[in-house]
Amino acid sequence: MAGVLDSVNQRTQLVGQNRLELLLFRLEGDQLYGINVFKVREVLQCPRLTVMPKCGRVVRGVASIRGTTLPILDLSLATGKSALMDLQNSFAVITEYNNRTLGFLVSSVERIVNLNWEAILPPPKGAGRDHYLTAVTHIDNKLVEIIDVEKVLAEVAPTSEEVSSGVVDADTRAKALSCRVLIVDDSSVARKQITRCLENIGIEVVKLNDGREALNYLKRMADEGKSPAEEFLMMISDIEMPEMDGYTLTTEVRHDPRMHGMHILLHTSLSGVFNQNMVKRAGADDFLAKFQPDDLAARVAERIRQADAN
């Protein structure tokens, strides 16, 4: 255990070729869960929690960690299960999502595993709509569930999807009506957030669930003699996705001459620890941390102006 806890910060620097590392943990019971190490700052024995009024039942309290006060969310409660009771022997996984640092309370931390994104699969189709999974995988013949943290955060602290007045001018909105944008994201919540933001400024949206599906879609389009760069104003892609991550999707698009000129924005919850150099190396045009509707709308508006000028 000490080895896992001591090494997490160093391991967050991993950026591989369609690979990721998962920190495995448990809530109540034997079910294993995973979280991308790249989003983990550190793992601590559950710190002293101070209960704050009107925080909501999922927030078990706030803790002072390295001079900063952070909310600590009970991940079991947040995903519809019973609250973790043995706080003294629980752990806080300190993470950074969408420019926010917070802790997730878990009952135990197991180990770190290195996997290929191809081994990460979408949730079973029979799981329904109310689950909190973004993907699953198998390790040592055991099912590992990867939680849709964006859904958890959207329910605990909802984010507005409206674009502020003045971010997109009337001329750009008029031109947006003839534009289509391809969205690629495995989180249903993220897809809805981005879609509502773009539809708010008049853009037509095509939504796909992962990098593999997106690449096959674009290849079929190219096989039909169509230019993806002409069909779409841009592609807005997540990075962490089952089967094929956003880096690999970007690289594959750049290696296909039929997709020349495709504008790619990587839209990721990997914020503060995110490696901008990797975005450039993969060939993306830009990246943006999730989810700030005004920032996203401004990037799309700038792209509309660029396309109009060419």
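This is a predicted model: local features need pLDDT of at least 70, side-chain atom pairs count only at pLDDT 80 or more; totals for chains, interfaces and linings use all residues.

**Helix H6 and its surroundings**

Modeller: Two packed helices are described by the angle between their axes and the distance between the axes. Here helix H6 covers residues 211–223 and helix H8 covers residues 246–255; their axes come within 9 Å and cross at roughly 15°. Angles under 35 degrees count as roughly parallel, so H6 is roughly parallel to H8. On the H6 side, the contact is made by Gly211, Ala214, Leu215 and Leu218, while H8 brings in Leu249, Glu252 and Val253. Sorted by class, that contact has five nonpolar residues, one polar and one charged.

Now for the rings. The structure holds two aromatic pairs. In one of them, phenylalanine 25 and tyrosine 33 have ring centres 5.9 Å apart and planes at 20°, so this pair is stacked. Phenylalanine 25 is buried, at a relative accessible area of 3%, and tyrosine 33 is buried with a value of 3% as well.

The other pair brings us back to H6. The rings of tyrosine 217 and phenylalanine 232 have centres 6.3 Å apart, with planes at 50°, so that pair is tilted. Tyrosine 217 lies in helix H6, whereas phenylalanine 232 is in the loop between helix H7 (228–231) and strand S13 (234–237), so the pair ties together parts 15 residues apart in sequence. Phenylalanine 232 counts as buried too, with 2% relative accessibility.

Technical notes:
Residues are numbered from 1 along each chain as its sequence is written. Side-chain values use heavy atoms; hydrogens and water are left out. Axes are lines fitted to C-alpha atoms, for helices over the stretch in contact, and angles run from 0 to 180 degrees between N-to-C directions. Helices (H or I, at least four residues) and strands (E, at least two) are DSSP runs, numbered from the N terminus. Angles under 35 degrees count as roughly parallel, over 145 as roughly antiparallel, 65 to 115 as roughly perpendicular and the rest as oblique. Contact means heavy atoms within 4.5 Å. Ala, Val, Leu, Ile, Met, Phe, Trp, Tyr, Cys and Pro count as nonpolar, Asp, Glu, Lys and Arg as charged, and the others, Gly among them, as polar. Rings of Phe, Tyr and Trp (its six-membered ring) pair if their centres lie within 6.5 Å; planes under 30 degrees apart count as stacked, over 60 as edge-to-face and the rest as tilted. Buried means under 20% relative accessible area, exposed over 50%, partly exposed in between (1.4 Å probe, protein chains only).
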